[in-house]
Amino acid sequence: MDKIAELSLEGKTFRLPVVEGSEQERAIDISALRNDTGYITLDDGYANTGSCQSKVTFIDGEKGILRYRGIPIEELAEKSTFIEVAHLIIFGKLPTSAELRRFSDLLTDNELLNEAMKHHFEGFPTHAHPMAILSSMINAASCFYPELLDPDRKDTFVVQTARLLSQVRTIAAFAYRKSRGLPIIYPKPELKYTANFLHMMHSLPYRDYEIKPEAARALDLIFLLHADHEQNCSTATVRMVASSRANLFASAAAGVCALWGPLHGGANQAVLEMLERIHADGDDGSRFIAAAKDKNSGKRLMGFGHRVYKNYDPRAKIIKRTCDELLVKLNVSDPLLDIAKHLEEAALRDSYFVERKLYPNVDFYSGIIMRAIGIPIEMFTVIFAIGRMPGWIANYKEVMEAPTRIYRPRQVYTGPTLNAYVPLKERK
Ligand code: CMC
């Protein structure tokens, strides 16, 4: 028998249907609540609101579980690649070898930007943050594909996906080159996705960058671990924009903007800046931890805490291990890694963090890996955006395929009640 929740209001009882997910997550369907009762629900920051039903990613934040299309993140991290995972997330299945080849070829065929886009890069000042360039250029890229503007053109979805996934990497590398006053390096079709990105970032017109396989693998893993994370701020933004039937590129550009903030994707840059500051101050981390616990300091332990995980973020575990292994392989010793480990140990023993269930998240160690493979700090959040693209595309696809209404939350108004317009000369 279907479960029903009962709500008692003003002496009347209302029956609300209960929806159950495939992992037994339960939700009370309140979509008819206002019609039936005149009430809406209020949930500041959507902490307890399911905004959609989705088949892409499952998280159990209490147990520290993350699965893409049912497959545990640990297994994917060990056995798969970013492009295979992108296929899994977007199309719902691991590709066969023929499908993987076709998908990779499609990405290669679509890796070049329209040459006219090069002029757009010229307009940005050299100090422009690459996230600003990335969101603008993804939106600008949409102008070159007029068929995008027809939301009913389902037949072009695969090629649009390939363009976005492939070109986001080209745009990101060009943005970096521009910010350093360096000449643009075109992609090489014979290189794989992540190696190609490193080539475009670091090669020179007269000398190819030597791509270390372990560095390419570590970056590929970072992309893979970021590939989706259910209804986070940027993915919810992408769905919100998509629900108005805006095109895929416009929706993804909005996702980039939402990701930029330091409480979301921008945290990876903020973590490294925090570690650098602690190092420069000669602090072993204790002073910073004390400040992070003090609400008046305006400081937080960046890379710690998560809305959903009340346990160790499973991605952070993988990243921490990779970080240790990579630094040994590259023969790099980084004092920031020691500070990070010390901060983690101290925080996990501290009642402030323990009581609030604050653990390291994906951003805590990823910056140290990126630093070790020569990714500059201002590109960290861009790397997150490249990685998150499959998740945004898959969520966009779900919105377009499901008969969903435009996303339109309500509010509880707390402003002035009926007020008269005062002519300018009578105002005080
Ligand atoms: N340092 C110190 N205190 C913290 C931290 C932190 N990093 N995170 C949360 N708290 C405290 C917070 O002050 C509050 O305390 P109290 O109950 O006394 O008021 C309590 O813990 C709950 O915090 P919240 O802000 O209500 O939690 P939230 O779910 O709204 O925020 C978060 C989640 C990730 C924004 C937050 O933990 C945070 O700001 N962390 C640092 C930034 C960060 O690392 N962000 C990356 C998130 S993972 C990657 C991604 O999704 O982008």
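Author: Asn 331 lies in the loop between helix H14 (314-329) and helix H15 (335-349). Helices are DSSP runs of H or I with at least four residues, strands are runs of E with at least two, and both are numbered from the N terminus. This is a predicted model, in which local features need pLDDT of at least 70 and side-chain atom pairs count only at pLDDT 80 or more, while totals for chains, interfaces and linings use all residues. Residues are numbered from 1 along each chain as its sequence is written, and side-chain values use heavy atoms, with hydrogens and water left out.

Reader: What is the phi of Asn 331, and is the residue buried or exposed?

Author: Buried means under 20% relative accessible area, exposed over 50%, and partly exposed in between (1.4 Å probe, protein chains only). Asn 331 is not a glycine, yet has a positive phi of about 60°. With 71% relative accessibility, Asn 331 counts as exposed.

Reader: Where is Glu 230 found?

Author: Glu 230 sits in the loop between helix H9 (213-225) and helix H10 (233-243). Its phi is near 40°, again positive in a residue other than glycine. Glu 230 is partly exposed, at a relative accessible area of 24%.

Reader: Is Arg 169 buried or exposed, and which residues is it in contact with?

Author: Contact means heavy atoms within 4.5 Å. Arg 169 belongs to helix H7 (residues 157-179) and counts as buried, at 2% relative accessibility. Leaving aside neighbours within four places in sequence, Arg 169 is in contact with Glu 111, Tyr 193, Asn 196, Phe 197, Met 200 and Ile 386.

Reader: Which residues touch the most other members of the largest nonpolar core?

Author: A nonpolar core is a set of buried Ala, Val, Leu, Ile, Met, Phe, Trp, Tyr and Cys residues joined through side-chain atoms within 4.5 Å. The largest one here has 116 residues, and those touching the most other members are Leu 134, Ile 138, Phe 197, Met 274, Leu 275, Leu 301 and Ile 375. Helix H18 (residues 380-401) gives the most to this core, with 13 residues.
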